[in-house]
Amino acid sequence: MVDSGYLRALALSLAGWLSLYLIFTWTIDPYGVSPARFSLPGINALKPKRLDIDRLIKPYEVWRYQPRTIFLGTSRAHQSLDPSVLDGTRFAPAYNASMPAGSMEMNAAYLRQYLRLDPNLHTVIVELFLPSFIGAANGGKTGTWAEFATNTVTLFASADALWDSIATLVYNVASGRPAFQIEPGGHLYRPPGRDTQGPFDRFASYIWSSQVSEPDKATFNAAAFDAVLDIIEVARANGLELIFLLGPSHGYADYYYDSIGAWGVIEEWLRRLSGRATVYSFSQPNDRVSEPISPRMTYWYDTFHYSLAMGRDMLASLAGLPTSGLPDNFMERLTPERVASYIDRRRAAVKRWAQANPTFVAQFEDARRKWLAAANARMPN
Amino acid sequence: MLFNSYVFIFCFLPVVLAGYALLRRASNLLWPIIWLVLASFVYYAWWRPEFLLLLLFSITVNFGFGTLIIDGRLSRGQSRAVLTIGIIFNLCLLGFFKYAGFFVANVDLVFGLHWAVPTIILPIGISFITFQKIAFLVDAHRGLVRNFTLLNYAFFVTFFPQLIAGPITHHSEIMPQIGPSQRRDLAADIAVGLSIFVVGLFKKVVVADSLAVYADAGYATVKTGHPLDTASAWVAVLSYSFQLYYDFSAYSDMAVGLARMFGFQLPVNFYSPYKSASIIDFWRRWHITLSRFLRDYLYIPLGGNRRGTVRRYLNLGIVMLLGGLWHGANWTFVLWGGIHGLMLAVNHAWRALPVSRSVAFKTRLADGLAIAMTFTAVTLAWVLFRSETFADARTMFAYLLPLTLEPSGWPSFWGLLHGQFTDIRSVLALTEWFRPRELWPPVLPPDYLATTPRPVGLFLLCVGLATFSFPNTYQIFGRFKPALGLPDETVANGILRRLDWRIAVVVAGLFLLSVLRLSHVSPFLYYQF
């Protein structure tokens, strides 16, 4: 027996459930994308689920916010460049669209997508990360409108959104502690109090562990450089201002580049790049770059990731905003003529740094020997 | 086009239903059937349009064979010859598309001929379609076919609810329904069919797809040569066992529900197989129409059980080996079928013993143990079914059965228990709960599946309890006669007496959850390690 009004009841029930779903998820708004934008302390102000979903939300937010400036790059830019620093400057409004573990090929692909999504785009600031140029190719493809639509629908109408809304509500009610989350500007918020010394202590074993795919010998990643040329061409064709930022590099990382013989490769692509585009470097040896290791550091989160404080000074320097206490050589524009001396200074600095840190050097070389032995054992006869 | 896709649910199905409802008002009763046939062509062509040509060619040729056989002008011997040619034609099509690469690879392996293994794309549903057409030709030869026209035949073969993955129907099951289907209460059929479809959709996207994450991660870990601890191996194997169960159950429900929306009943294909107390019973509940096909068109023609015990077991073995091969062109499927054949033979041998009829084996405890044994045997056999090579299967079996007290052995179950059920802080934090993530096996530690994705232990427990204690879809909707071939008591004692607003609220909730589950927020994996 089927009630005559069953199908009508089914439709009405569906409408009712859908309404409840939308009211709940758009109010709690676990991903911070709701048009409603309620921020209710103890209910939804903290958004621990707005994390690790950069590839979903960033294209959507570029489309939604229509920024004038976007940042492209890796987790370094993601964690350290707060676009609100540029408020009131010619770059505003800015948005940090960088992707953790992003490659140059991915940057090129995302730039093409952002150009379609944001007609207001005027300036692109691209972070350079040295391992992107000395490793293997890491492809990227331009997102389609269908993917963009699917991802956007997913953020608003999915079972994950429902579950994450519940999780967000419970977290706000039960915990209330600040959580890692992507800020509205696209950069990562890190709750204070994380130990910074740990990652430095583990660097040698980490960089030579089997899970890290960095090479033991540097080679020129032609695909990455082609992607850079692609970015330059896309920017030129669309009348965009393009700025490349070479972020700070700590002594630990520079020692690694030195140990795999990367300076020649780095010099080559910096010379080629600086001849074609604007490149600013923040990795000149100075007291900020080589901040002493401690559990609470001001300018570093770990060996590769510099802090928001460092990023704030970088953006302020770039935008010509007032700063205080910066080293004289904090920001340096690279040109083809200056690249060789720039590399020489870094090489000399890392030699001095290694002499001053013999314990690290011993740990590093020991880990490297073990890694090489294991790699040789895996080689087919 | 998948049943569990936006395009099917929100575009294809509404359009086809609306067109069908309109055409039912026409005076010519052929129009609704023509509409369904055309819709089925679109459905089949959605993935690769070129395969529609293959389907049309196959339908035309088989219609020709059928016409020759049914026409009545052939002698019995001539009819048998046409039947034989027809069967060979269909098997050749199946053999070319499904087994050519397998055959070449094995010949190359044995004789070292260095042949290039051809890459042939398998037309979707060809295994089911082939069996259905063979069954039709045999039925035609046996004089069981009525109302044979090209349109009816095309409808019988292509009716989209059963086109891709069964159930494998007989011509005699569908044809008598064509006329009456036009006179049925369409709204009531849509109500019943839609409700059953939603139950299937929920099983597929909420249950089966959630389990798939863990099963895939476990088997991929083995494939990439990384270790698993014992508990994680069991998580992977049980996840796959239940995934397959709910996937097939879901598909069967959706097929039955869809057919019912158009006023048709398909034969029951899946009837709580994990509640079986024996392997014999299992094959009477799992993929029922395949078992029926193998019995009627292979086992019985081979002699069945009429030629002595040894021949009977031999026939069983042949049937199950071929049944295994039908599932896929890989020796793992053949061995899986062989193991089931062996288990069936042992089961029949046991039943032949007088002691098996003892009252000691009629108790609820014995029944429960038999169900547990059957489930365990079937689940372990699925390891072969899921593994891509014998080596992978052997490795997984080794992880399942450790003879060690090292942390990766038996003690790993403590990690599973602790990780799933006793970490209260994780429950409060809700960091991982009921959030299956795509896992990247090469970088996962051996105990990852057992200890880190918190839902899996509780989820498996809930799924297991539901599987063994909940009524199946037919027991719930039995009074609405959802399928052909249901037990009388299922029809008479169906739990739902009427579909009213309360059921509508539940079904609508299940539908919304299922549709929401069709898309995923997939957090970036980089941060998991």
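Predicted model: local features only at pLDDT ≥ 70, side-chain atom pairs only at ≥ 80, totals over all residues.
Colleague: Start with chain B. How many helices and strands does it have?
Modeller: Chain B has 23 helices and two strands. Both are DSSP runs, numbered from the N terminus: helices are H or I with at least four residues, strands are E with at least two.

Colleague: How compact is chain B for its length?
Modeller: As compact as a globular protein of that length, because its radius of gyration is 24 Å, close to the 24 Å that the globule rule gives for 529 residues. The radius is taken over C-alpha atoms, and the rule is 2.2 Å times the number of residues to the power 0.38.

Colleague: And what does the C-alpha trace span?
Modeller: About 75 × 60 × 60 Å along the principal axes of chain B.

Colleague: What share of chain B counts as buried?
Modeller: 56% of its 529 residues. Buried means under 20% relative accessible area, exposed over 50%, and partly exposed in between, with a 1.4 Å probe and protein chains only.

Colleague: How far apart in sequence are the contacts?
Modeller: Take contacts in chain B between residues at least 6 apart in sequence: 75% of them join residues at least 24 apart. A contact means heavy atoms within 4.5 Å.

Colleague: Switching to the backbone. Where is the cis peptide bond?
Modeller: It joins A:Ala92 and A:Pro93, with omega about -10 degrees. A:Pro93 sits in the loop between helix H3 (75-80) and strand S2 (94-96) of chain A.

Colleague: What about phi at B:Ser272?
Modeller: Phi there is near 45 degrees, a positive value in a residue other than glycine. B:Ser272 lies in the loop between strand S1 (266-267) and helix H11 (279-285) of chain B.

Colleague: Is B:Ser272 buried or exposed?
Modeller: Buried, with a relative accessible area of 5%.

Colleague: And B:His287, what is its phi?
Modeller: Positive, about 45 degrees, although B:His287 is not a glycine. B:His287 is in the loop between H11 and helix H12 (288-299) of chain B. It counts as buried at 3% relative accessibility.

Colleague: Now charges. How many salt bridges are there over all chains?
Modeller: The count is 28. A salt bridge here is a side-chain nitrogen of Lys or Arg within 4 Å of a carboxyl oxygen of Asp or Glu.

Colleague: Which residue pairs with A:Asp258?
Modeller: A:Lys351, with the closest N and O atoms 3.4 Å apart. The pair links distant parts of the chain, 93 residues apart: A:Asp258 in helix H10 (residues 251-259) and A:Lys351 in helix H13 (residues 336-356) of chain A. A:Lys351 is partly exposed, at 45% relative accessible area.

Colleague: Which residue does B:Asp209 meet?
Modeller: B:Lys204, at 3.1 Å from N to O. B:Asp209 is partly exposed at 23% relative accessibility, while B:Lys204 is buried at 15%.

Colleague: And B:Arg502?
Modeller: B:Arg502 forms a salt bridge with B:Asp500, with the closest N and O atoms 2.7 Å apart. B:Asp500 is buried, with a relative accessible area of 7%.

Terms used. Residues numbered from 1 in each chain as written. Chains lettered and ligands numbered in written order. Heavy atoms only, no water.
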